[in-house]
Amino acid sequence: MAVIGIVVAILVTLVAVLIPWLPDPASKQMDRIEFVYWFATVISIAIFALVMAVIIYSVMSFRSPPEDESDGPPIHGNSGLEIAWTIVPAILVIAIGVLSAVVLSQNSGAGTNPLTIKVFAQQFSWRFEYPDDNGIRSYELVMPVDRGITFEMQSADVIHSFWIPAMGQKQDLVPGIKTSIVITPTRTGTFTLICTELCGLGHATMRAPVRVLSQPDFAAWVKEQQAGGSKGDPGAAVFTAAGCGGCHAFTPAGTNGAIGPNLDNVAASAKKAGEDTAAYVKESIVDPGKVIAAGYASGVMPANFGDSLSATEIGALVTYLAAAK
Ligand code: CUA
């Protein structure tokens, strides 16, 4: 029986260790979550091996011969065994529970000098604000390494969920309430923020780039942003950042979303609606319910870009879209 147990334990351990179930940790919180994961996994492997050993051994050794219809011996049971298999699992489950509670509490602490980043979610894009750094706004989540960051989150429409797999922490953004979560990045690099709550047609496209920089690089990035930083066509930057390409095809931006109308034809659509192209594009952004393109449903395009984008950003976006031929 011991041999069967050891073989099963080795096989299951190989499955647990050789397959990379979790991403490479990139935050202090993820390190702790991984510890809980392995703590519970080791216990599970031991119990699984024990149970399998008893089952396989019993099936092989106590098999009744063919045509043996006689009853088995009358056995009362084994009180010692029953007490053991009640107390041992109770202790293990309590241990997992206590460890999880400790990690949960540690993971909500941001340390002595936390940085606050505000997160705004809406169908189907993310936006970040840095209140500690003159309220700079960004569509890319940029964080300094080795510093506790408190994310204060709100949603403009439906429930979204904030998740950077390598950083472990996950938190819903619920309309009407503010939620928060702490992440302390432990290595520099690029990651992806994923919306992990089904929030509508564009849910799968609701992602944002994440960059973790060294502290001097982060300070330089902040300076650059405060100076008005971004290069290239500002309208193209807003188009990418606001997630327009997730739903709309637009040749100059190289996007092919099919949830909303193709934006290569805005001039023709404006003509049809009897409006100036720029005015029509602006109206479609701030009041998307007014004219619905044939074949598309109303209420899919978020109605709050008029609030979530600044007047400058909308102006740049309108110029960018209306100029397309
Ligand atoms: Cu937002 Cu899914």
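Guide: The account below starts with the strands, then moves to salt bridges and helices.

The model is predicted, with local features requiring pLDDT of at least 70 and side-chain atom pairs pLDDT 80 or more, while totals for chains, interfaces and linings use all residues. Residues are numbered from 1 along each chain as its sequence is written, and side-chain values use heavy atoms, without hydrogens or water.

Five strands form an open sheet in the order β3-β2-β1-β5-β8, and the pairing is mixed. Strands here are DSSP runs of E with at least two residues, helices are runs of H or I with at least four, and both are numbered from the N terminus. Two strands count as paired if DSSP finds at least two bridges between them. The edges are β3 and β8; each has a single partner strand, so one side of each lacks a neighbour in the sheet. From one strand to the next the twist averages 25°.

Within this sheet, β1 (residues 115-122) and β2 (residues 125-130) are antiparallel and share five bridges. V119 has F128 of β2 opposite. In a regular strand, side chains alternate between the two faces of the sheet.

R127 and E129 form a salt bridge at 3.1 Å, N to O; the term requires a side-chain nitrogen of Lys or Arg within 4 Å of a carboxyl oxygen of Asp or Glu. Both R127 and E129 are buried, that is, under 20% relative accessible area, with exposed meaning over 50% and partly exposed in between (1.4 Å probe, protein chains only).

The structure has four salt bridges, and another joins R211 to E140, with the closest N and O atoms 2.8 Å apart. R211 belongs to β10 (residues 207-213) and E140 to the loop between β3 (136-138) and β4 (141-144), so this pair ties together parts 71 residues apart in sequence. R211 is partly exposed, at 27% relative accessible area. E283 and K290 also form a salt bridge, at 3.3 Å between the closest N and O atoms. E283 is buried at 12%, whereas K290 is exposed at 54%.

A separate antiparallel pair is β6 (residues 160-163) with β7 (residues 170-173), joined by four bridges. F162 has Q171 in β7 as its bridge partner. The two strands form a hairpin with six residues between them, and G168 in the turn has a positive phi of about 80°.

Helix α2 (residues 28-61) has 34 residues and spans 50 Å from first C-alpha to last, close to the 50 Å expected, a figure taken as 1.5 Å times one less than the number of residues.

Elsewhere, α5 (residues 234-241) packs against α9 (residues 311-322) at about 100°, with axes 7 Å apart. The two helices are therefore roughly perpendicular, the class for angles of 65 to 115 degrees.

Methods. Axes are lines fitted to C-alpha atoms, for helices over the stretch in contact, and angles run from 0 to 180 degrees between N-to-C directions. Angles under 35 degrees count as roughly parallel, over 145 as roughly antiparallel, 65 to 115 as roughly perpendicular and the rest as oblique.
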